[in-house]
Amino acid sequence: MSDELKAEHPEINWKAISGFRNILVHNYLGLGLPQIWIVIENRLPLLRENLEKLL
């Protein structure tokens, strides 16, 4: 995502998205499927809602 797009949509926590990606890719703290599922259930719906507004 461009810096301009991110600046236009501060309601989306871009830094947290990037941070979570880093945790997944580098397996920090031995993150397991139960923890990932909690994020999917609790955070993904809001992220999806916000991203759909961009389309």
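**Close-up views of a predicted helical model**

By the rule used here (a side-chain nitrogen of Lys or Arg within 4 Å of a carboxyl oxygen of Asp or Glu), the count comes to one salt bridge. The model is a predicted one, in which local features need pLDDT of at least 70 and side-chain atom pairs count only at pLDDT 80 or more, while totals for chains, interfaces and linings use all residues. Residues are numbered from 1 along each chain as its sequence is written, and side-chain values use heavy atoms, with hydrogens and water left out.

**View 1. The salt bridge between Arg48 and Glu52 in helix α4**. The closest N and O atoms of Arg48 and Glu52 are 3.0 Å apart. Both residues belong to helix α4 (residues 44–54), where they lie four residues apart, about one turn of the helix; helices here are DSSP runs of H or I with at least four residues, numbered from the N terminus. An α-helix has 3.6 residues a turn, so residues three or four places apart point the same way. Arg48 counts as exposed because its relative accessibility is 57%, whereas Glu52, with a relative accessible area of 43%, is partly exposed (buried means under 20% relative accessible area, exposed over 50%, and partly exposed in between, with a 1.4 Å probe and protein chains only).

View 2. Leaving aside neighbours within four places in sequence, His9 is in contact with Trp14 and Leu54, contact meaning heavy atoms within 4.5 Å.

**View 3. Helix α2 and the residue that follows**. Helix α2 (residues 14–26) has 13 residues and reaches 18 Å from its first C-alpha to its last, close to the 18 Å expected at 1.5 Å a residue, where the expected span is 1.5 Å times one less than the number of residues. Asn27 follows α2 and has a positive phi, near 55°.

View 4. Of the 13 residues that line the largest pocket, the closest to its centre are Ala16, Ile17, Val39, Arg43 and Leu47. A pocket is taken on a 1 Å grid over the protein atoms alone, as an open set of points where a 1.4 Å probe fits, with protein on both sides within 12 Å along at least five of seven lines, and lining residues have an atom within 4 Å of a point. Helices α2, α3 (33–42) and α4 each supply at least two lining residues, and the largest share, four residues, comes from α4. The lining divides into nine nonpolar, two polar and two charged residues.

**View 5. Asn50 in helix α4**. Asn50 is buried, with a relative accessible area of 10%. Not counting residues up to four places away in sequence, Asn50 touches Glu11 and Ile12.

**View 6. Asn42 and Trp37 in helix α3**. Asn42 is exposed, with a relative accessible area of 54%, and Trp37 counts as partly exposed at 49% relative accessibility. Asn42 and Gly30 are 12 residues apart in sequence and 20 Å apart in space, C-alpha to C-alpha. The C-alpha atoms of Trp37 and Glu49, 12 residues apart along the chain, are separated by 18 Å.

How values were computed
Nonpolar A, V, L, I, M, F, W, Y, C, P; charged D, E, K, R; others polar.
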